[in-house]
Amino acid sequence: MVADADRVAGEVSLARRPVVLMENEGTLVLGKNVPEAFDRLEVLEATAEALILSRPLGPLAPMPALAIEELRRVFGYHTEDVKS
């Protein structure tokens with residue numbers, strides 16, 4: 001059972017935040033249809049795997065803010081809609 005289900009329900013949104021990571025509980029992934037939700041879950045899984053497997057190479061190097069803004073623009077996520 002999700003510890004704070006009301007808060008999670010208030011945070012998740014197809015337009016603003018289609019994926020919610022819940023520490024020690026799981027992940028909630030939304031999509032317009034099952035294939036879209038599954039695609040987002042696969043991207044999440046691949047990203048997590050890459051982060052874990054890259055640990056022996058050294059510390060993470062965050063992407064520059066301009067690159068993140070460009071990704072948000074291209075994929076339709078506006079800076080004011082996304083909490084960093």
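Guide: Begin with G26, which counts as partly exposed because its relative accessibility is 31%. Partly exposed lies between buried (under 20% relative accessible area) and exposed (over 50%), with a 1.4 Å probe and protein chains only. This is a predicted model in which local features need pLDDT of at least 70, side-chain atom pairs count only at pLDDT 80 or more, and totals for chains, interfaces and linings use all residues. Residues are numbered from 1 along each chain as its sequence is written, and side-chain values use heavy atoms, leaving out hydrogens and water.

Visitor: Which residues is G26 in contact with, leaving aside neighbours within four places in sequence?

Guide: Contact means heavy atoms within 4.5 Å. By that criterion G26 touches V20 and L21. G26 itself sits in strand 2 (residues 26–29); strands are DSSP runs of E, at least two residues, and helices are runs of H or I, at least four, numbered from the N terminus.

Visitor: What is the order of the elements from the N terminus on?

Guide: The order is α-β-β-α-α, with three helices and two strands.

Visitor: How much of the protein counts as buried?

Guide: Of its 84 residues, 12% do.

Visitor: Which residues gather in a patch of negative charge?

Guide: Like charges are joined within 9 Å, placed at CG of Asp or CD of Glu; Asp and Glu count as negative. Here the patch on the surface consists of D39, E42, E45 and E49. D39 belongs to helix 2 (residues 34–53) and is partly exposed, at 44%.

How values were computed:
Patch = residues over 30% accessible without salt bridge, like charges linked within 9 Å, V, L, I, M, F, W, Y side chains within 5 Å. Areas by Shrake-Rupley, 256 points an atom, 1.4 Å probe, with all protein chains shown as cover. Salt bridge = Lys/Arg side-chain N within 4 Å of Asp/Glu carboxyl O.
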